[in-house]
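Please read them with the coordinates open.

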Amino acid sequence: MMANVLQALPQHAALLLVGDVDQLPSVGPGQVLADLISCGRLPVARLTEIFRQARESRIIVNAHRVNRGAMPELEVPDGASDFYFVETIDAEDAAGKLVKVVAERIPARFGLDAIRDVQVLCPMSRGAAGARTLNLALQDVLNPARAGAPTVERFGFTWRIGDKVMQVENNYDRDTFNGDLGFISNLDEEEGEMTVDFDARAVRYPYTDLDELTLAYATTIHKAQGSEYPAVAIPLVTQHYAMLQRNLLYTGLTRGKQLVVLVGQKKAISIAVRGAQGRRRWSKLRELLMIDDATFAARPPA
């Protein structure tokens, strides 16, 4: 994608990249932004100052603390806050408390819609506090089965009208793409079709194609890259040990615009904050960019 962008630019153009290298790297291979910054051959400006308005947001303050390798401030100060921590014993306890936070406490305290405004972001899909388990628990509380209401069972899920769903692969025929969020508006048993509304655009899915969708009351932090939500609830427990990295927690915190609630164990947060090194990505882009122009011009063609 980056190669296509650069090839499309005329020679007289300038390119300004604005991004956050401290978040999770791209889903695909490579680490283009990180390599461009670390090669030392390009002018780079890094924004580090938290200005007055941002200083009033504990989301921003704590995101910066995590990015520096410091524990977030978990104690709630006097007055209103946009960042909260709910301590739990283990993963099962976290799952139960998180469902209550999403379904009851956030709507009652902040007036937000539990389905449309609140997004649960998990470090991983598996486990008692993983996205799959939480999806089923939240569906049962937020959109329970109703007598006489149509449902369809496909691919491990029971789909209901009103469910929040996510597209999990690109489909250019339907103009739907990985990460798109929508809501089920109709189930047609006669036609064997489900209708999903994506930003007021109705898209029909034959029941045989429902493997392109998943319930989206909860999703992984990786799938939330590039998205923002009014409120975010994040379970963080030691059961997630394999995924607890600083950039994962930082990315999750910065998805919330108005409210972030961490539900879990202080030990798990500490592990994530200390986990500065993620899995290494192998790329030659940085080394190639560091070759001086004369040397590069003298190299034989590949």
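Predicted model: local features only at pLDDT ≥ 70, side-chain atom pairs only at ≥ 80, totals over all residues.

The points below go from overall layout to strands, cores and cysteines.

1. The protein has 10 helices and 12 strands. Its C-alpha atoms fill a box of roughly 75 × 55 × 35 Å along the principal axes.

2. **Burial and surface.** Of the 302 residues, 41% are buried. The protein exposes about 17,300 Å². Carbon and sulfur atoms supply 51% of that area.

3. **Contact range.** Take the contacts between residues at least 6 apart in sequence. Of these, 66% join residues at least 24 apart.

4. Strand β6 covers residues 181-188, and strand β7 covers residues 193-198. The two pair antiparallel over five bridges. Asp188 has Glu193 in β7 as its bridge partner. Four residues lie between the strands of this hairpin. Gly192 takes a positive phi near 65° there.

5. Phe198 is bridged to Arg201 in β8. Two residues separate the strands in this hairpin. Asp199, in the turn, has a positive phi of about 50°.

6. **Main core.** The largest nonpolar core has 46 residues. Those with the most contacts inside it are Val102, Val120, Leu134, Leu138, Trp159, Met194 and Leu213. Helix α5, residues 91-110, gives the most to this core, with eight residues. A second, separate core has 26 residues, including Leu74, Ala224, Leu248 and Leu262. As background, nonpolar side chains in soluble globular proteins tend to be buried together.

7. **Leu213.** Which residues does Leu213 contact, leaving aside its neighbours within four places in sequence? The list is Trp159, Val165, Met166, Gln167, Val168, Met194, Val196, Phe198 and Tyr205. Trp159 and Met194 are themselves among the residues with the most contacts inside the core. Phe198 is the residue bridged to Arg201.

8. **Cysteines.** How many disulfides does the model contain? The count is zero. The rule asks for a pair of cysteine sulfur atoms within 2.5 Å. Cys39 counts as buried because its relative accessible area is 7%, below the 20% cut-off. Cys122 is buried as well, at 0% relative accessibility.

How values were computed: Residues numbered from 1 in each chain as written. Heavy atoms only, no water. Buried < 20%, exposed > 50% of the residue type's maximum accessible area, 1.4 Å probe, protein only. Pairing = 2+ DSSP bridges. Core = buried A, V, L, I, M, F, W, Y, C linked by side-chain atoms within 4.5 Å. Contact = heavy atoms within 4.5 Å. Areas by Shrake-Rupley, 256 points an atom, 1.4 Å probe, with all protein chains shown as cover.
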